[in-house]
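Biologist: I'd like to learn how to read a structure like this. Please put it up and take me through it feature by feature.

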Amino acid sequence: MISPILSEEDISLDLVTKGKQSALSKIAIRIARRTGVDQHVVLRGLFDRERLGSTGIGRGVAIPHALLSTIYSPVASLTRLAQPIDFEGPDDDPVDLIYTVLWPRSASSAFLPALSQMCRLFRGSQVREQLRQARSSDEMLAILETESHQEFPPNLHTSRVRPDTEMSRQFGNA
């Protein structure tokens, strides 16, 4: 489920931006304020990853992400933009939904499977349209919780996953 790393406070509705850099900067500042992680570290991580290639996944969705050594558990933010922006995605559709993820470098082996799950979730047209129509952050969170079928590994700052979770069956004990 997305809920272990995303709360209502991590959701921003109708953010006004001037483009991709503006959006990532505003998101980085918001994440930094919520987590205490230095905003320059967050922004540098996101920009460095974006330089490798766009994190736009198509259909108006981007999932910017970074692996950081300064965090011990995943951090996420969901942003719906007031106006879609160019994110240089694979389908050239402008982006209005941005799910940002910061992942602890110490748990990097769990990152790609989690990112894959996030991509699958946001590829569902029903999920995207519901998120675009949601009127509040708690409504957006409820949509994600309803649609998400797997859990992210709990306690990523430790070296193991509880054996009774779905994730441990997928990844084994870390």
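Modeller: Let's start with helix α4. Gln-126 and Gln-133 are exposed, and they sit on the face of α4 that is turned away from its buried side. Before we go on: this is a predicted model, where local features need pLDDT of at least 70 and side-chain atom pairs count only at pLDDT 80 or more, while totals for chains, interfaces and linings use all residues. Residues are numbered from 1 along each chain as its sequence is written, and side-chain values use heavy atoms, with hydrogens and water left out.

Biologist: Which residues of α4 are buried?

Modeller: Start with the idea: buried means under 20% relative accessible area, exposed means over 50%, and partly exposed is in between (1.4 Å probe, protein chains only). In α4, the buried ones are Val-127, Arg-128 and Leu-131. They lie on the same side of α4 because they cover an arc of only 100 degrees around the axis, going by the directions from the helix axis to the C-beta atoms.

Biologist: What do the buried residues of α4 pack against?

Modeller: Their partners are β3 (61-62), β5, β6, α3 and α5. Now take Leu-131 alone. Setting aside neighbours within four places in sequence, Leu-131 is in contact (heavy atoms within 4.5 Å) with Leu-78, Arg-80, Leu-97, Phe-122, Met-140, Ile-143 and Leu-144.

Biologist: And Gln-130, how accessible is that residue?

Modeller: Gln-130 also lies in α4, but it counts as partly exposed, at 28% relative accessibility. Leaving out residues up to four places away in sequence, Gln-130 touches Ile-143 and Glu-147. You can look at distance too: Gln-130 and Met-140 are 10 residues apart in sequence, and 7.8 Å apart in space from C-alpha to C-alpha.

Biologist: Let me zoom out. How many helices and strands does the protein have?

Modeller: Helices (H or I, at least four residues) and strands (E, at least two) are DSSP runs, numbered from the N terminus. Here you get six helices and six strands, in the order β-α-α-β-β-β-β-β-α-α-α-α along the sequence. Of the 174 residues, 49% are buried. Take the contacts with a separation of 6 or more: 65% of them join residues 24 or more positions apart.

Biologist: What about the largest nonpolar core, how many residues has it?

Modeller: A nonpolar core is a set of buried Ala, Val, Leu, Ile, Met, Phe, Trp, Tyr and Cys residues joined through side-chain atoms within 4.5 Å. The largest one has 28 residues, and Ile-63, Leu-78, Tyr-99, Phe-122 and Leu-131 have the most contacts inside it. At least two residues each come from β5 (75-85), β6 (95-104), α3 (111-123), α4 (125-133) and α5 (137-147). α3 gives the most, with seven residues. Apart from this core lies another, of 22 residues, including Val-37, Val-42, Leu-68 and Val-75.

Biologist: Is Thr-100 buried or exposed?

Modeller: Thr-100 is in strand β6, and it is buried, with a relative accessible area of 0%. Not counting residues up to four places away in sequence, Thr-100 touches Ile-27, Ile-31, Leu-46, Pro-64, Val-75, Ala-76 and Ser-77.

Biologist: And the loops? Where is Thr-55 found?

Modeller: Thr-55 is in the loop between α2 and β2, yet counts as buried at 3% relative accessibility. Beyond residues up to four places away in sequence, Thr-55 touches several others, among them Arg-49, His-65 and Phe-87. Thr-55 and Phe-87 are 32 residues apart in sequence and 7.8 Å apart in space, C-alpha to C-alpha.

Biologist: What is there to say about the phi of Arg-59?

Modeller: As a general rule, most residues other than glycine have a negative phi. Arg-59 is not a glycine, but its phi is positive, about 60 degrees. You'll find Arg-59 in the loop between β2 (56-58) and β3, partly exposed at 44% relative accessibility. Glu-88 has a positive phi as well, near 60 degrees. Glu-88 belongs to the loop between β5 and β6 and is exposed, at 51% relative accessibility.
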